[in-house]
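Hi there,

Here is the structure I promised to pass along. Have a look at it first, and then read on for what turned up.

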Amino acid sequence: MSEELATRPEESPRAPRAGPREVWRKGGRLLSVLLALKVLLLACTLISGGAFNKVAVYDTDVFALLTTMMLLAALWILFYLLRTARFPDAVPYRDAHAGPIWLRGGLVLFGICTLVMDVFKTGYYFSFFESAIKILHPLTQAVFVIVQTYFLWVSAKDCIHIHLDLTRCGLMFTLTTNLAVWMAAVVDESVHQAHFHSSSHGNASHSRLAPDPEREGSQVGGDCPCDTAICQIFQKACFYLYPFNIEYSLFASTMLYVMWKNVGRLLASSTHGHGQGHGQAPSRVSLFQETFFAGPVLGLMLLVVGLAVFIIYEVQVSGEGGHTQQALLIYYGFNIICLGLMTLVSLSGSVIYRFDRRAMDHHKNPTRTLDVALLMGAALGQYAISYYSIVAVVIGMPRGLLGGLNLAHALLTIAQHTFQNVFIIESLHRGPPGAKPHETPPKEPSLSFANLDALHPLPTCPPTPRPVGPSPAGPQEAKAITLAPRGHWRRRCLKDISLFLLLCNVILWIMPAFGARPHFSNKVEDEFLIHNQEMPIHPA
């Protein structure tokens with residue numbers, strides 16, 4: 001079967017035959033997964049051990065491991081690029097669904113911010129030189145980011161067909177490297193946040209995560225000899241750029257996983273060379289076309305108001321005037337309004353899909369499967385935090401206005417993630433706008449397959465359809481003339497809903513990513529989540 005697919009000219013004229021290694025596809029995938037798990041467990045052990053005071057794991061040990069992993073991954077990427085350049089037949093297929101332009105554009109944007117962070121890290125560690133590995137680590141990460149970004153930009157759609165097991169292991173090792181870098185950034189940022197709030201609020205519950213004086217300089221922002229103005233600027237800039245480094249690692253991991261799934265994959269002629277359905281990328285001009293502009297305008301308003309609320313929250317919580325209660329009321333009030341609107345809008349989108357007659361796309365698609373898994377997995381973290389907040393508020397003794405807003409915020413967070421995920425997953429399985437269900441015949445009032453010569457004597461008026469111009473295939477052939485579909489307003493509403501949810505999710509990501517953590521500032525949640533559970537909270 002694989003040989004027949006490989007020899008069909010319409011699918012790929014130079015497709016290689018499936019060799020003996022392709023018979024052991026599941027075994028090759030299992031081998032690469034086992035390799036990735038072993039490396040990831042080693043990295044997780046060192047990184048998590050370095051976050052606690054009494055464990056004799058220093059940052060130099062973590063930096064040495066991460067530097068070695070990034071160097072090996074960069075060398076393998078260069079080997080992959082040289083190998084595919086020398087053998088054009090190595091990539092006979094390209095998956096049109098993989099690596100859309102918005103994902104690659106986001107990868108480049110976060111990669112640039114990561115490079116800026118590496119510059120600040122290099123300057124920070126160079127200001128109080130302790131060991132060479134601390135300076136070598138950000139420099140190595142900068143090289144790794146540049147090489148990997150170029151690799152994913154040009155090769156994200158590859159379905160390679162040579163050295164399958166080696167390619168799977170290399171992709172999985174690179175994915176594991178990104179996960180290790182992601183975990184190191186999350187742990188370092190969480191330790192910094194816990195130490196900052198414990199020192200500013202005098203809370204001893206974070207003492208397990210506070211830097212140990214005997215381990216000076218073990219973390220960025222710990223008790224290091226940073227007594228110059230330039231050093232403090234580097235230190236603060238690193239923490240403000242950590243969210244971009246975290247997102248870059250996640251973007252790269254998702255693209256590498258899709259490439260790993262596409263190793264040795266055979267594509268049919270309908271999916272080779274062009275995209276359809278879920279993988280169809282909108283044109284640059286059509287982003288804001290066919291919209292009512294209500295969604296983008298309302299989303300931009302919430303984005304601007306959210307930035308103002310975030311600034312007010314940060315100023316009042318970190319200040320010495322004791323305005324934490326007022327800051328929490330403003331924060332919860334804005335989030336309740338935003339989450340409530342997002343819940344209603346997601347429900348409206350699901351209702352609109354009930355009247356949509358587009359065909360469902362049930363084809364096997366690794367990109368869509370990963371999207372659904374990431375949506376559900378990311379929601380689990382928000383569900384856990386929300387349920388802990390609900391229990392903390394219900395059991396806690398103070399039940400004033402702040403407790404009611406906190407409870408409403410937690411409930412709306414659960415509802416918003418649930419209905420938004422349902423809406424997104426349903427939209428991922430919809431076909432392109434012109435697709436119709438196979439079992440449904442065409443609806444009545446439409447003019448189809450008319451002769452162009454017979455249409456010339458008809459009077460022209462605005463409501464009537466205009467004949468389609470002659471095609472290069474031949475003017476003598478029949479032309480399809482179709483009236484404007486009745487569901488045009490539905491497409492406009494769905495696009496408004498999507499743009500509104502996009503802008504709202506941006507502001508809901510910015511606020512916790514750059515320091516707005518009400519769980520640390522709220523005394524009820526702080527005592528229940530941190531003191532009793534002894535765990536840091538880092539919302540996804």
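Please keep in mind that this is a predicted model.

Let me start with the whole chain. The protein chain has 540 residues, and 49% of them count as buried. Its secondary structure comes to 16 helices and two strands. If you look at contacts between residues at least 6 apart in sequence, 85% join residues at least 24 apart. The accessible surface is about 27800 Å², with 68% of that belonging to carbon and sulfur atoms.

Next, a glycine to click on. Gly-28 sits in helix H3, which covers residues 25–50. Is Gly-28 buried or exposed? Its relative accessibility is 0%, and buried means under 20%, so Gly-28 counts as buried. Beyond its neighbours within four places in sequence, Gly-28 is in contact with Asp-165 and Arg-168.

Finally, helix H9. This helix runs over residues 294–318, 25 residues in total, and spans 36 Å from its first C-alpha to its last, close to the 36 Å expected at 1.5 Å a residue. Which residues of H9 are buried? Among them are the glycines Gly-295, Gly-299 and Gly-306, along with Leu-302, Leu-303, Phe-310 and Tyr-313.

Definitions and conventions. Residues are numbered from 1 along each chain as its sequence is written. This is a predicted model: local features need pLDDT of at least 70, side-chain atom pairs count only at pLDDT 80 or more; totals for chains, interfaces and linings use all residues. Side-chain values use heavy atoms; hydrogens and water are left out. Helices (H or I, at least four residues) and strands (E, at least two) are DSSP runs, numbered from the N terminus. Buried means under 20% relative accessible area, exposed over 50%, partly exposed in between (1.4 Å probe, protein chains only). Contact means heavy atoms within 4.5 Å. The expected span of a helix is 1.5 Å times one less than its number of residues. Accessible areas come from the Shrake-Rupley method with a 1.4 Å probe; for residues, only the protein chains shown count as cover.
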